[in-house]
Amino acid sequence: MPNIPFILVFILLPLCGIFFALCSQDNEKTKGRNVLSVAFLTVLVNIAFIIFAFLSVSSEYGKMQLQESYLWLKNPKIVLSFGVDSFSLLLMLGIHLALLIGIWGVRKDYLFQKSRMIFTLLFLSLVNGFLSALDIISFFIFFEAMLIPLFMLIGMFGEIKRQAGLFRFMIYNLCGVLLLFSAVMILYNHNHGALMLNQISDIKMGQVKEIVIWSAIFLAFLSRIPIWPFHSWVSVVSSGIKNPLVFIVANLMPLSGIYSFIRFWPQSMPNTIIFVVTALEIISVISMLFIALIGLINKDIQYKIFSFMTVYYIFFLLGSFLPTDQVLLNVGFSLFAFMIIFSTLEVLVSFQEEERTEKNLSAEGILCKMPRASAIFTFMVFAGLGLPLSAMFVNNFVLVSGLLVYNFNTAMVALAALIFVASAMVQELFMRRTKVEFSIDNEPTDISKLDACFMWLIAAVLLMSLSDPLWFMRG
Amino acid sequence: MSLNWFALFPEFFLVLTLVGSVFVRLFREKATPKTFYTLSKFGVAAAFIATLIFYNQSFWNDVYENSLHSSLFKIFIYLFAAVTMFLSAKYFLSKDYSSFRFYSFILLSLLCLTSALSAVDIRLTVVLLELGFLLNFYLIRSPGNDDETYPVSFNFFLYAFLWTIFMAFAVCYVVRIVGGGSFEDIAMYCKVHQITWQLYACGAIVLLGCLYKLGVAPFHFWTADVLGAAILPVGSYLMIVPVFAYYAAFVQLSVGPLAVHFDLLKPAFYAFSLISIFIGAIGANGEINLRRIMAYSRIFVLGIVLLLLSSITQISIFSSFIYLLVSMLALGGVFAACYALKNKGDYLRRLNELSGLAESKPFIAAAMLIFMVSLLGFPPLLGFLGMVFIVDNLVAYQDYVSIFAIMLGIVILAAAYLRVIKTFYFDVKRSNFDRADRGIYFMLLLILAVILVFVLSPKYLVNDVEMALRGLVS
């Protein structure tokens with residue numbers, strides 16, 4: 001195996017993509033095709049590198065491999081350390097596939113394609129850095145830096161009506177980030193130098209200091225997840241986004257919060273912060289139930305998808321808090337399938353909504369005249385519900401059983417919320433598949449054969465990941 | 001008494017250029033705005049090189065000494081002045097105004113400010129600092145100003161002159177009591193003798209005078225008015241260059257002759273710094289003029305700098321200087337980008353005139369975005385490096401209240417910057433922008449390249465600064 005600095009490649013390749021995107025011609029004639037090709041190719045090449053990297057790592061959770069370190073500053077000494085395990089590589093792969101689907105979804109929208117692709121690639125580069133950070137400083141750097149491309153993408157292309165909501169969202173996230181920065185610097189200073197993520201739980205501080213620091217970290221990560229009482233700020237933005245790529249990027253942010261909890265939060269928690277976890281469980285289940293019920297009664301499909309995603313994200317968060325490392329890989333498997341499912345659903349929904357707006361149609365029965373889109377949409381909704389079509393099937397079972405064993409009440413409320421969002425999605429699916437007559441000149445157009453092929457390919461990836469997305473690593 | 005005339009070479013070059021400019025003005029008929037720029041450019045370049053060569057040579061011991069740290073501050077003053085002068089030439093060329101007055105006063109101002117840093121006699125230091133500050137009055141009244149500028153310049157002069165009188169009284173009293181004006185004499189006197197309240201008051205006036213010139217709250221009232229109303233070249237010069245000189249003078253006085261006075265005033269400085277942080281952050285939110293927003297950002301930055309300096313140690317000086325440097329680089333970048341914001345020959349400053357900038361000038365808007373994000377301390381930009389130094393320093397002193405204040409200030413300031421970013425990127429274009437000069441693009445690229453190099457390898461910035469500042473606190 002050649003000695004490739006994989007992580008550096010994961011981070012730098014999208015930046016190279018940005019360079020080529022900047023250099024490529026983007027005018028009326030090219031209609032953004034050049035930039036789109038550059039972005040698409042960059043993501044594909046990075047996917048190839050990720051798959052190649054899988055060949056060099058073992059499949060266990062938490063065993064950091066392909067480690068790289070770079071001395072950034074001598075005094076105070078800051079060494080940026082990177083490394084991956086199968087869990088973070090899997091999430092990286094999932095995010096790349098989700099963005100690939102998103103880029104496919106906006107390929108015909110050529111207005112300002114260059115800026116859109118540049119910020120998307122920047123986001124991708126930063127996410128890769130975030131998922132491979134091993135020490136607290138590099139972790140923080142990428143955790144915060146992600147906010148800028150996100151803000152720009154939502155502001156420029158999200159077509160959000162209430163921009164004040166976007167500012168509140170950004171300020172709210174910034175508050176979380178600054179809390180984390182303070183906590184990270186205190187930890188760094190306490191340790192007199194570089195501190196790895198897996199060493200944080202070993203640090204002993206005074207009781208008050210411990211409570212303050214862990215509470216700051218807790219709030220910082222929570223700021224990324226649309227959880228009560230701050231859920232409305234996130235939901236206003238996330239559910240209001242019309243562009244599928246931007247919607248996907250915005251809704252990948254909660255993943256950063258969950259991943260942070262998984263990596264940062266110690267499995268053997270100091271006694272002083274046990275109460276925080278109990279508090280988190282309570283607000284998590286309240287949020288799940290609350291958002292699921294709103295999703296059920298809301299008629300806007302964007303909100304339904306948002307509530308579907310949020311409930312699942314909180315469900316994965318609860319799974320990651322189970323006092324065992326065994327289920328974390330299952331969380332990773334489910335997340336991988338989940339990202340692909342919601343991205344495909346969002347692209348399909350965006351296509352339908354465009355047709356509706358253009359031809360002034362109602363949503364009812366729209367899928368009857370779009371057989372290709374209908375088949376894929378149905379597949380994705382059922383896969384999202386946890387039917388045996390993707391990795392969510394087995395791994396959600398594992399998570400639910402884990403929750404039932406460790407906290408029965410929480411598990412029951414979480415299950416109720418999952419049933420509510422499933423009902424909401426099924427309700428929407430049936431409404432869109434109800435037979436309705438359209439006038440001949442006003443019939444909705446189906447997705448192209450090329451689109452259908454691409455999406456069936458994605459569905460095939462989901463099917464291949466049915467029992468274990470890392471099947472190829474186990475021979 | 002032996003005099004080493006080589007040590008005066010930088011000042012000599014500045015004077016020579018000034019005299020040359022006057023002669024050109026008098027005897028050359030076809031003197032364009034570029035003529036005076038070219039002359040000044042060579043003068044500043046020669047002074048810069050001479051400073052590098054004679055960095056540790058003293059002209060007159062106990063009166064005029066160059067040291068590693070004073071030369072470091074001078075180097076940055078010359079560098080930033082050179083950038084400002086380069087960009088100002090574009091302004092004067094586009095407006096076809098005479099640039100003689102501007103460049104002459106800049107040279108005179110540089111002469112006063114850099115000489116003040118080498119002076120180790122309080123009389124000389126204060127005279128040069130005051131002269132350098134009063135000269136700004138003439139800069140503010142440069143040709144091309146609108147009606148708004150005259151009352152601003154008048155107020156500026158009035159308050160500056162009042163401070164000068166206070167400072168003169170204070171220095172005279174100190175010199176009379178101590179029996180000499182050299183830093184060493186004053187420091188020795190303060191160590192050995194019982195200090196009267198009058199002497200304390202005089203020392204305090206000198207230190208507060210430096211803060212007044214820096215524009216730190218509660219002496220900030222002139223900052224936004226002057227920087228917002230002055231023509232762009234003057235605004236960009238006053239925004240960046242004098243800050244280094246007054247910062248350096250404040251530090252040199254605080255660790256040297258007025259160390260005892262500084263200790264007494266620590267709580268006041270701490271309070272001023274917190275007030276500055278909040279006034280800077282909140283003030284920026286209330287503005288619709290881009291330059292005034294940046295002026296308030298400067299107050300915010302200086303508030304953080306003073307916060308660190310209020311516990312004056314080797315590390316806090318170093319950290320504050322790094323933060324100041326990276327922030328001034330970003331603020332300078334924003335002002336450099338302002339040279340490209342023109343409509344029908346008029347330089348734009350109001351936010352509503354700049355809506356949709358990203359559509360017409362994507363590079364300028366992107367550069368502005370990078371500078372503003374850097375000012376907020378976002379990684380991986382250079383501002384983050386400054387933030388790391390600051391917070392690391394405050395954590396080491398367990399000063400969590402200050403960390404909280406800074407974080408809160410950043411959140412408030414971020415709201416103002418988000419409004420600017422929204423105007424540039426999310427709003428619909430309302431006006432057309434003139435074609436920007438290539439030199440502005442070149443300068444922006446240069447600043448961005450410097451930021452990139454320092455981000456990737458901060459050692460190039462940090463190591464030399466650390467070494468130069470090592471001897472400042474004994």
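Here is a short chat about cavities, a helix and a histidine in a predicted model.

Trainee: Hi! How many cavities of 30 Å³ or more does a search of the whole structure find?
Mentor: The search turns up six of them. The largest has a volume of about 90 Å³, and among its 13 lining residues Ile148(A), Met170(A), Leu376(B), Leu418(B) and Ile421(B) are the closest to its centre.

Trainee: Nice. Which helices each supply at least two residues of that lining?
Mentor: From chain A they are α6 (147-157) and α7 (163-190), and from chain B α16 (362-375) and α18 (400-426). The largest share, four residues, comes from α18(B).

Trainee: Switching topic: where is His261(B)?
Mentor: His261(B) sits in helix α12 of chain B, residues 259-285.

Trainee: Is His261(B) buried or exposed, and why?
Mentor: His261(B) counts as buried because its relative accessibility is 2%, and the cut-off for buried is under 20%.

Trainee: What is His261(B) in contact with, leaving aside neighbours within four places in sequence?
Mentor: Its contacts are Cys190(B), Leu199(B), Tyr200(B), Gly203(B), Ala204(B) and Leu207(B). Also, the C-alpha atoms of His261(B) and Ile195(B) are separated by 9.5 Å, with the two residues 66 apart along the chain.

Conventions
Residues numbered from 1 in each chain as written. Chains lettered and ligands numbered in written order. Predicted model: local features only at pLDDT ≥ 70, side-chain atom pairs only at ≥ 80, totals over all residues. Heavy atoms only, no water. 1 Å grid on protein atoms, 1.4 Å probe; cavity = no way out; pocket = protein on both sides within 12 Å on 5 of 7 lines; lining within 4 Å. Points joined across faces, edges and corners; volume = space filled by probe spheres on them. Buried < 20%, exposed > 50% of the residue type's maximum accessible area, 1.4 Å probe, protein only. Contact = heavy atoms within 4.5 Å.
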